[in-house]
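Welcome! Here is a short briefing to read alongside the sequence and the 3D view.

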Amino acid sequence: MTCAAMTWLLVLSLLLLCVTDSASLFLPDSEELRQLLSRYEGEVDPVGGGDASGNRTRRAIRWSDREEILQLHNKLRGGVYPTASDMEFMVWDDELEQSATQWAETCHWDHGPQDLLMSIGQNLAVHSGRYRSPAFHVQAWYDEVKDYTYPYPHECNPWCPERCSGPMCTHYTQLVWATTNRVGCAVHVCPKMNVWGDTWDNAVYLVCNYSPKGNWIGEAPYRHGRPCSHCPPSYGGGCRNNLCYKETAETQDMNEVEKPQVPPQPRTTAVPAPKPKPSAPKKPASNTTASRTPSSSAPSSTYFAQNVKCEARLRDKCKGITCNRYKCPANCINKKGKVWGTLFYDVQSSICRAAIHSGAIDNSGGLVHITRIDKQPFFVRSTKNGIESFSKHRTSNAFLLTKVEETSADCYATVAEVCPYKKPSSLCPRFFCPPDCKAQPSFWSPVIGNNIYADSSSICKAAIHAGVIGTDGGYVDVLPLDKRKNYVGVLKNGVQSESKNNTDGGSFRVFAVRQ
C-alpha cells in the first residue's frame, strides 16, 4: 500500500507540473502582459542578473544613464578651476541609488528624507515635456559655477526662493566637493507633481544622493593646488585625470560589459503626493526642462531683471539672483492674476498686479524691485488703483514692491556713494553709463575685484570689466552685497582691476539690461 500510494503521489505531482507548464504555455496574449514583461526586462540589472546568488535587482535608472552620470561627474570634478589638489575619484553606490529611488517615488519636490540628510548630500532636478537625459541636469548643476567665486560658498544662497538674495551654487559645490567620492541616482516619472505651486504632468524627477556629504558651512569645496598633490594617504599616490585614484576604486560594476536593453517603461506613482517647496527647479515654458533647479529656461545670470507676464506669481518666478527685479508689461489691471494683501503681499500673488495695487507702477507697466519678508501672520484685503486684493489669515512668506528709477551715472560714481548695502538689502536705481569710461584713470575711477567688486569701485568701469556693457556705455543694473574679506584683481576687457584685502564697506555685482 505504501509503495502504491507513493506511486500515485508521484503521478499526481507530475500531472500538476504538466498543468502548470501548460497554463504558462497557453496563456492568452494581452497588451497588459506585454507591457509588464517589457517593463521588468528594462528594470533588471543588465549585467547578468546581479549578485552571485542569481537574485535580480530592479533599478530606477537605466544602466547607460548611470554610466553617463558617473563619467560626467568625474570629468567635471577633474576639470575644476582653480585646480584642486585633493579631488577624489567618484564611484557608484547601490545603497545611495536605493535611497534616491525611495525619495524620488514620493514625488515630493524638496530635499529629504530629513533623517537621511544628516549624513548624505543631495541634488534634485525635474523637467517636463521633451526628453532630457540625466546628464543634462548634472551639467546644469555644474554650470552654477558661473555664480561662484572660489573659495566663498557664502556668496550663494541655498535657501532660494524662501529667502532669495543671491545666486544659487550649492548644486555645483556638492558636485565638486573633494571628499565626496560616492554617488547614487534615481529617475522617476511622477504623473502629477507640485513644483512651486504648479502641477506638472508626467514630471521626470532626478534625485542624486552623495556620500560623504559636502556643503559644510564655512568650508571651501576643495583645496586649491597642483592636481593630486594633497590626496589622502589611502589612495597610495594614485592619480587619474586630475583625481585622487586607487586601483581598487574601480568596482566590478564599472568593468562589466553592458548587455542590450529593452527600453524600460518608467515606473510611475499610482497616487501622487504633490507637496510644494523647491530647491531650484527650472520650469519649462513649453515642452522644455525644469536649476540649480534649483530649473529650465531660466534667464541668463548676466541679467538682474526678469521679464514676466501679468499673471506671474513671485513663488513661481523667483530664480536665484532674479528674485529681486521684474519688468512688468502694460495692461495688467484686467488680467486674472490674484493678489493677497496690502503693502505686504503673499508670495502667491501676481507680481505685476500687486505692483499696480501698491502704486509702484501704473497700468502702463514698468520695472519693480522686490524685497522678500519672512513669515507674515496675515494679509489684509483692500481695493487700490483699480485692483481688489484678498485677505488671508494664515502665516506665509511675503514681499514688498518698490519702483526702480533710472538715472545717469558718470564714470566716477560708486555704489558706496549712491546705494550702499544695508541689511537685509538695498535698492539701487538702473544706471545709464556714458561712453569712454574705460579711458578714465584708475586713480579717479578704480575697479577693485572680479565679478564681485568693492563698493568703492566705479560702477561704469566695473561694468566694462565684467563685460555687461562696451566702451560705448549703456544701461546696467546693480545689486549691492555685504562686504567681502578680499578681492582679486584681473585684466578683463581691457580693464585691469585691483586686488585688496580687508576693505571697508560693502560690495556689488553688475548686470546687463535686456534691450
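Tyr412, Phe443 and Trp444 together make a nonpolar surface patch of about 420 Å². This is a predicted model, where local features need pLDDT of at least 70 and side-chain atom pairs count only at pLDDT 80 or more, while totals for chains, interfaces and linings use all residues. Residues are numbered from 1 along each chain as its sequence is written, and side-chain values use heavy atoms, with hydrogens and water left out.

**The surface patch**

- Patches are made of residues with over 30% relative accessible area and no salt bridge, joining like charges within 9 Å and nonpolar side chains (Val, Leu, Ile, Met, Phe, Trp, Tyr) within 5 Å.
- A salt bridge is a side-chain nitrogen of Lys or Arg within 4 Å of a carboxyl oxygen of Asp or Glu, and areas come from the Shrake-Rupley method with a 1.4 Å probe, where for residues only the protein chains shown count as cover.
- You will find Tyr412 in the loop between strand E15 (406-408) and helix H11 (415-418); helices (H or I, at least four residues) and strands (E, at least two) are DSSP runs, numbered from the N terminus.
- Tyr412 counts as partly exposed because its relative accessibility is 37%, and that class lies between buried (under 20%) and exposed (over 50%).

**Helix H12**

- Of the 8 residues in helix H12 (residues 459-466), 7 are buried, including Ile459, Lys461 and His465.
- Gly467 follows H12 and has a positive phi, near 85 degrees.

**The six-stranded sheet**

- An open sheet with mixed pairing is formed by 6 strands in the order E7-E8-E11-E14-E10-E9; two strands pair if DSSP finds at least two bridges between them.
- Its edge strands, E7 (305-307) and E9 (341-342), each pair on one side only.
- Strands E10 (residues 344-346) and E14 (residues 396-403) run antiparallel and are joined by 2 bridges, with Tyr345 opposite Phe399 in E14.
- Helix H10 (residues 351-358) lies across E8, E9, E10, E11 and E14, at about 60 degrees to E14; contact means heavy atoms within 4.5 Å, and the angle (0 to 180 degrees) is between N-to-C directions of axes fitted to C-alpha atoms, for helices over the stretch in contact.

**Strands E2, E3 and E4**

- E4 (residues 198-211) runs antiparallel to E2 (residues 121-127), joined by 7 bridges, and Gly121 stands opposite Tyr210 in E4.
- E3 (residues 182-195) is also antiparallel to E4, with 13 bridges; Ala186 has Val207 as its bridge partner in E4.
- The hairpin of E3 and E4 has 2 residues between the strands, and there Trp196 takes a positive phi near 55 degrees.

Conventions: Buried means under 20% relative accessible area, exposed over 50%, partly exposed in between (1.4 Å probe, protein chains only).
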